[in-house]
Amino acid sequence: MYTVNSSYSKIPGSYLFSDIAKKISAFTEENPDADVIRLGIGDVTQPIAPTIIAAMHKAVDEMGDAATFHGYAPDLGYEFLRKAISESDYRKRGVDIDIDEIFISDGAKSDSGNIQELFGMENIIAVTDPVYPVYVDSNAMSGRCGNYIKSEQRWSDIVYLPTTAENNFVPELPQKTPDIIYLCLPNNPTGTTLKKDQLQEWVDYAIRKNALIIYDAAYEAYISDDDVPHSIYECTGAKSCAIEIRSFSKNAGFTGVRLGFTVVPKEIKCGKTSLHDMWARRHDTKFNGAPYIIQRAGEAVYSESGQREIKEQIAYYMKNASVIREGLTKAGYDVYGGINAPYIWLKTPDRMTSWEFFDYLLKEKNIVGTPGSGFGPSGEGYFRLTAFGTFENTKKAIERIVG
Ligand code: MLT
């Protein structure tokens, strides 16, 4: 008789955004005429930029011609894309990342969830709290988080690093030393970030403690402050202690296209074992490459016109972020984020719990957001709105909330 992975039975409910989707469906079934505005999941609304679409069309045509057809992609991804990444995302910022340290994937979510496969069960995991739920959920599925304590909304064996208004969203170095530290900066969900000297403290800490940082930089394109690093490798020593995960979803609108990459520097070693070689082994075995057409689309993101067009989209979303920030601040809400990130994080009014505020907004204002507690225990009493809606809907939503 077969058995199942019993760790799944410990995981509460369903994935945060599936829970929310179910609640929206139930509400719209009962209220079919409601004009529901969705500022919940961070899904983009602007179409893919023309330069990228043109590159995809061209690649589609190539696939229909025997002379230019492409089968399986190379294991790490096509060199044309890895070169563009190495040049534009790293070398231009003074960071030296070899193209063989870049692994192209079908998105940051898969890489964030899969990376934990490289690590032993005994590792102590630390996450900033609140944070993107995939890090904890994927470790919990592997049985690395202990037991879920429902009354405290936390896992027994995870080291939570609270980031709240009280510490200005800057996590303190932990008392209990973790082995693996997940940092998502700019942060999902709080929309806040760390300056370079603050991130350097984490890199120094990881080196001192022989810990590894998994750095999710999916939102780096939204950084506007000069003293905020776009990559952890801008910090001294990070190439020996940090893996970086990047996405094309939020900077180029690829949420439905799927493309991302992970940088595993060759110098990261656990004893004599190279994490780069392990990840390469895993990649070769379990992944057959992002599609050629999509990797050409990724390459076009780095072209001159591609860059100009995606910057316009980012500016569009950041205008939404200001509408949300300013509208809610004027109405007396405590509002954070939204300057270097497309997420706005607010304190729920009248001491409502995150889910109470979710229900209030959905039922009374027909607006969907994301309850802060879904991102970790320190998210309780907070709420996330995304700037990825259309401008018209964003304006309408804020008028409804403050009206
Ligand atoms: C979010 O809303 O947190 C993100 O869109 C989820 C994701 O990127 O998978």
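Visitor: How far is the sulfur of Cys241 from the closest cysteine sulfur?
Guide: In this predicted model, the closest cysteine sulfur to that of Cys241 belongs to Cys235, at 8.9 Å, which is too far for a bond. A disulfide requires the two sulfur atoms to be within 2.5 Å.

Visitor: And how many disulfides does a search of the whole structure find?
Guide: The search returns zero disulfides. For Cys235, the closest cysteine sulfur is that of Cys241, and the 8.9 Å between them rules out a bond.

Visitor: Is Cys241 buried or exposed?
Guide: Cys241 is buried, with 2% relative accessibility. Cys235 is buried as well, its relative accessible area being 3%.

Visitor: Changing topic: how is the chain divided into domains?
Guide: There are two parts: domain 1 comprises 13-47 + 305-402, and domain 2 comprises 53-303. Their contact takes 35 residues from domain 1 and 42 residues from domain 2.

Visitor: How far apart are their C-alpha centres?
Guide: The C-alpha centres of domain 1 and domain 2 are 24 Å apart.

Visitor: What is the volume of the largest pocket?
Guide: Its volume is about 520 Å³. The lining comprises 25 residues, and those closest to the centre of the pocket are Pro12, Tyr148, Ser373, Gly374 and Phe375.

Visitor: Which helices and strands supply at least two residues of the lining?
Guide: Those elements are α1 (16-30), β3 (125-129) and α5 (134-141). Of the contributions to the lining, that of β3 is the greatest, at three residues.

Visitor: How do the lining residues divide into nonpolar, polar and charged?
Guide: The lining of the largest pocket has 14 nonpolar residues, seven polar residues and four charged residues.

Visitor: One more residue, please: where is Thr163 found?
Guide: Thr163 sits in the loop that runs between β6 (158-162) and β7 (180-184).

Visitor: Buried or exposed, that Thr163?
Guide: Thr163 is buried: its relative accessible area is 4%, and the cut-off for buried is under 20%.

Visitor: Which residues does Thr163 touch?
Guide: Leaving aside residues up to four places away in sequence, Thr163 touches Thr128, Asp129 and Pro130, together with Phe169, Val170, Pro171 and Thr190.

Notes:
Residues are numbered from 1 along each chain as its sequence is written. This is a predicted model: local features need pLDDT of at least 70, side-chain atom pairs count only at pLDDT 80 or more; totals for chains, interfaces and linings use all residues. Side-chain values use heavy atoms; hydrogens and water are left out. Buried means under 20% relative accessible area, exposed over 50%, partly exposed in between (1.4 Å probe, protein chains only). On a 1 Å grid over the protein atoms alone, a cavity is a set of points where a 1.4 Å probe fits but cannot get out, and a pocket is an open set with protein on both sides within 12 Å along at least five of seven lines; lining residues have an atom within 4 Å of a point. Grid points are joined across faces, edges and corners, and a volume is the space filled by probe spheres set on the points. Helices (H or I, at least four residues) and strands (E, at least two) are DSSP runs, numbered from the N terminus. Ala, Val, Leu, Ile, Met, Phe, Trp, Tyr, Cys and Pro count as nonpolar, Asp, Glu, Lys and Arg as charged, and the others, Gly among them, as polar. Contact means heavy atoms within 4.5 Å. Domain bounds come from an automatic or database domain assignment.
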